[in-house]
Amino acid sequence: MISANEYFEGNVKSLGYKSAKGNSTVGVMEAGEYEFGTTTHETMIVIEGEMTVKLPNASNWKTYVAGERYEISANEKFQVKVETQTSYLCQYK
């Protein structure tokens, strides 16, 4: 079953699905700044565009471009900035 998700007044949208590797979402973020919270471990893979991210306990922001990934542990918050529409794949463990 595919689920549709919408956050931040429609500026972040994703489709959730289950694969052989587990639960995932594929989505798009409009330009903006966002704070997300996790309930499980997440691996975020940038598909197109770029994300500037401040991970939990980090003092600096880091930019991830298409093909790069970052990971966030369960029960954490992280911040994301995008300058243009950016697509991503998020895998949950």
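Predicted model: local features only at pLDDT ≥ 70, side-chain atom pairs only at ≥ 80, totals over all residues.
A salt bridge is taken here as a side-chain nitrogen of Lys or Arg within 4 Å of a carboxyl oxygen of Asp or Glu. One salt bridge is present in the structure. Its partners are the side chains of Lys 13 and Glu 6, with an N to O distance of 4.0 Å. Lys 13 has a relative accessible area of 43% and is therefore partly exposed. Glu 6 reaches 53%, so this residue counts as exposed.

Thr 25 belongs to strand β3, which spans residues 22-29. Its relative accessibility is 7%, so Thr 25 is classed as buried. Its side chain forms a polar contact with the side chain of Tyr 92, at 3.2 Å. Beyond the neighbours within four places in sequence, the contacts of Thr 25 include Asn 5, Ser 14, Leu 15, Gly 16 and Tyr 17. Tyr 88, Leu 89, Cys 90 and Tyr 92 are also in contact with Thr 25.

Asn 11 sits in a loop. This loop runs between β1 (3-7) and β2 (12-19). Asn 11 has a relative accessible area of 31% and is therefore partly exposed. With residues up to four places away in sequence set aside, Asn 11 touches Val 28, Met 29, Glu 30 and Tyr 34. Asn 11 and Ser 87 are 76 residues apart along the chain. Their C-alpha atoms are separated by 12 Å.

Note on methods
Residues numbered from 1 in each chain as written. Heavy atoms only, no water. Helix = DSSP H or I, 4+ residues; strand = E, 2+ residues; numbered from the N terminus. Buried < 20%, exposed > 50% of the residue type's maximum accessible area, 1.4 Å probe, protein only. Polar contact = N/O pair within 3.5 Å; in protein donor to acceptor, adjacent residues only side chain to side chain. Contact = heavy atoms within 4.5 Å.
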